[in-house]
Amino acid sequence: MNARYYGRKSEPMFPLFRQGKSRLAGLLVLLLLLILAAIASMIYGRTSITFAVAIQAFTHYDHQSVAHVVLHTERLPRTIIAAVVGAALAVAGAMMQALTRNPLASPSVFGINAGAIFCIVIGVVVLSVDSLTTLMWFGFAGAAISAVIVYLLGSIGRDGLTPIKIVLAGTAMTALFSSFTQAVLVLDGTGLQDVLFWMTGSVSGRSLEMLYPVLPYMAIAVIIALSMGRAINLLLTGDDIARGMGQNVLVVKLLMGLVTVLLAGGAVSVAGSVGLVGLVVPHLMRALVGNDYRWLVPYSLLGGGILLLLADVTARLVIMPSELPLGVVTALIGGPFFIYIARKGVTRL
Amino acid sequence: MKRTLTFRSRKEHVSFRLEKRSLFVIGMLALASVLALIIGTGFGSDYIAPLDVLRTVMGWGDGDFDFVVLTLRLPRVLLAMLVGIALGMSGAILQGIIRNPLASPDVIGITGGAAVAAVGFVTLLGGALSIKLLPLFAVAGALITALIIYMLSWKSGVTPIRLVLIGIGVSAITGAGTTFMLIISPFYTAGQAYIWLTGSVYGATWTDVNTIWPVLLIILPAAILLARSLNAQEFGDDLATGLGVTVQKHRFLLLACSVLLAGIAVSVAGTIGFAGLMAPHIARRLVGRMFGSLLLVSGLIGGLLVFAADLIGRTLFVPLDVPAGVFTAGVGAPFFLYLLFRNRNQF
């Protein structure tokens with residue numbers, strides 16, 4: 001039964017953009033879409049702002065105008081944060097999918113978000129840390145702990161790293177860390193409301209100051225990811241072949257793990273647990289450029305930004321004047337996607 | 001000495017066997033439950049001696065403890081136990097049908113469906129309909145979700161692995177739905193909602209108790225009767241068919257029982273995680289795989305588990321009240337990981 005479930009080779013893919021030139025063009029189209037999504041994110045919301053006013057807010061800032069103030073203090077930070085967090089999660093997802101050879105891999109499914117949240121909540125509630133930089137390190141630590149445990153649990157046993165084992169381990173770790181978080185929050189009680197909204201994932205009400213400490217680490221991680229395309233492609237042909245071609249497989253895998261932890265941990269410490277972006281985006285991008293990681297990483301980078309910006313605009317517009325946590329919107333998009341992949345059969349990437 | 005007792009009606013229309021060992025285990029667990037009920041009710045912000053508890057419950061007391069025991073503690077302790085029984089039995093049935101040690105109503109996503117229906121009911125219809133209908137909606141939500149999961153998992157047959165994976169996906173959606181309902185709801189504050197979602201019997205009333213025991217009373221005999229076919233199903237579908245079991249029909253009815261039990265538990269106590277996963281495993285250690293007794297033992301152990309979780313939550317952190325679900329998940333999730341480790345060559 002298991003053999004049948006895993007054994008099927010994935011169908012050959014016919015990506016939309018196959019040649020180098022058209023792939024570059026596709027990247028430019030995505031960039032354009034990202035800019036459009038960012039503009040939409042600036043304009044739409046509780047206070048609707050026209051495009052002209054938005055331009056004016058940057059050229060002739062008037063602190064008396066409500067629209068201008070909203071743009072500068074609310075819309076601009078959240079647009080930038082949504083784009084950065086989306087990009088980070090999508091690249092982290094792409095890395096994890098290659099590292100674990102598992103199409104269901106993503107930071108939320110594998111318990112990395114829950115681990116980062118638990119450590120940050122411990123930092124805030126128990127140790128009363130209020131420096132954002134310190135909290136970020138708590139986030140990284142939580143992400144790393146969870147990633148290592150899930151990876152180890154997923155790879156024990158005769159068949160090594162099987163998709164189902166690692167997904168189950170991730171689910172259990174998520175449950176475990178959530179229950180710890182719940183215990184800490186219930187025991188403390190103060191500030192539950194704030195922490196709750198942050199935990200379900202949201203980019204509203206965050207200032208750019210929250211992003212600054214994380215940004216350098218994310219940038220380093222993205223640069224590593226972008227430069228590793230060729231190495232990852234080789235790794236995807238199989239550990240043995242990669243080793244035979246002279247690759248230091250362990251170093252490549254460790255680097256991929258590091259990138260994942262930095263990106264996912266950083267994203268969580270800024271925006272809480274925004275689930276399933278890391279699952280959906282790499283798959284959508286694979287339909288565009290195929291499984292070539294030299295292209296898949298930059299595509300995911302832009303695609304993640306676009307998806308999260310659009311999700312955030314949706315979160316604002318659905319139940320005006322109040323708004324949804326971003327995590328709810330992404331789960332509603334990502335859940336059916338997860339089911340679709342699970343139905344198709346979890347074949348090794 | 002024989003290890004089993006056999007009963008036959010005069011014309012041998014009805015016959016069943018009981019293992020002496022199972023009888024003994026069931027007896028001990030029932031005794032432990034009753035003792036736990038009496039002693040557990042005594043614990044709280046101020047201690048009441050078991051004898052006083054017993055007197056008060058029987059109506060022989062002088063009325064000193066009436067309010068604390070009868071109104072505050074007894075319904076809560078009883079509810080914890082009944083919820084645990086429902087979850088333990090639900091998990092045992094599910095693991096029997098799916099033949100997978102990692103199955104339980106929460107892992108499969110059924111409790112998530114009950115939760116979203118319950119919260120949706122309060123949020124959308126809370127003003128219009130009586131709150132007494134809540135269990136009905138929770139159970140309906142559980143049934144519909146189970147049906148959806150089963151249909152989505154169907155692809156020329158249902159494999160346990162696909163069922164679990166689809167369950168995880170569906171859980172993500174129902175979880176998001178629940179959060180959505182809570183956020184737009186005028187009835188919950190975030191804190192209350194959070195505690196409910198974690199699973200707690202805090203603030204239990206006799207109404208809650210009276211909601212759940214009739215359901216248990218109806219489903220228990222039905223499940224035990226149907227359990228006979230589970231014993232045959234353990235051998236595989238073909239052999240079970242050969243033994244005269246209408247496999248698909250029985251499986252469907254049993255699934256319905258399991259879902260009903262999980263749904264009713266969620267409707268009164270929220271999502272108390274992993275109790276339905278752990279109880280059947282402990283029960284199997286005690287009485288083996290014969291399903292009639294396994295079901296009872298699993299229920300009793302589930303009851304004791306949730307009772308213990310609630311007792312710790314309300315006595316150890318006074319004046320705070322930690323939801324029982326925190327402890328069941330705190331113990332249950334590592335247990336799940338342990339099961340995964342033990343069955344590492346299966347997945």
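**Briefing: helix packing and the A–B interface**

H12(B) is followed by Gly288(B), whose phi is positive, near 80 degrees. Helices here are DSSP runs of H or I with at least four residues, numbered from the N terminus. This is a predicted model, in which local features need pLDDT of at least 70, side-chain atom pairs count only at pLDDT 80 or more, and totals for chains, interfaces and linings use all residues. Residues are numbered from 1 along each chain as its sequence is written, and chains are lettered from A and ligands numbered from 1 in the order in which they are written.

**Helix H12 of chain B**

- H12(B) covers residues 275–287 and has 13 residues.
- From first C-alpha to last it reaches 18 Å, close to the 18 Å expected at 1.5 Å a residue; the expected span is 1.5 Å times one less than the number of residues.
- Its buried residues are Ala275(B), Gly276(B), Leu277(B), Met278(B), Ala279(B), Pro280(B), Ala283(B) and Val287(B).
- Buried requires 20 or more other C-beta atoms within 10 Å of the residue's own, exposed 12 or fewer, and partly exposed lies in between, with C-beta atoms placed from the backbone.

**H1 against H13 in chain B**

- H1(B), residues 20–42, and H13(B), residues 291–315, pack at about 25 degrees with their axes 10 Å apart.
- Axes are lines fitted to C-alpha atoms, for helices over the stretch in contact, and angles run from 0 to 180 degrees between N-to-C directions.
- The two helices are therefore roughly parallel (under 35 degrees; over 145 is roughly antiparallel, 65 to 115 roughly perpendicular, the rest oblique).
- H1(B) passes H13(B) in a left-handed crossing, where the near helix is turned anticlockwise from the far one by less than a right angle (clockwise is right-handed).
- On the H1(B) side, the contact includes Val25(B), Ile26(B) and Leu29(B). H13(B) contributes residues including Leu300(B), Leu304(B) and Phe307(B).
- Contact means C-beta atoms, placed from the backbone, within 7 Å.
- The contact of H1(B) with H13(B) has 13 nonpolar, five polar and no charged residues.
- Nonpolar covers Ala, Val, Leu, Ile, Met, Phe, Trp, Tyr, Cys and Pro; charged covers Asp, Glu, Lys and Arg; the others, Gly among them, are polar.
- H1(B) has 23 residues and reaches 33 Å from first C-alpha to last, close to the 33 Å expected.
- Among the buried residues of H1(B) are Val25(B), Leu29(B) and Gly40(B).

**H5 against H7 in chain B**

- The axes of H5(B), residues 110–125, and H7(B), residues 160–184, come within 9 Å and cross at roughly 20 degrees.
- H5(B) and H7(B) are therefore roughly parallel. The crossing is left-handed.
- Residues of H5(B) including Gly112(B), Gly113(B) and Gly120(B) meet residues of H7(B) including Thr174(B), Gly175(B) and Gly177(B).
- This contact has seven nonpolar, nine polar and no charged residues.

**Interface between chains A and B**

- 44 residues of chain A contact 41 residues of chain B.
- On chain A, H1 (2–7), H7 (163–188), H8 (192–199) and H16 (326–344) each supply at least two residues to the side touching chain B.
- H7(A) gives the most, with 15 residues.
- That side of chain A divides into 28 nonpolar, 12 polar and four charged residues.

**Single residues**

- Arg251(B) lies in H11(B), residues 247–269. Arg251(B) is buried, with 21 other C-beta atoms within 10 Å.
- Leu24(A) sits in H2(A), residues 20–43. Leu24(A) is partly exposed, with 13 other C-beta atoms within 10 Å.

Definitions and conventions. Two residues are in contact if their C-beta atoms, placed from the backbone, lie within 7 Å.
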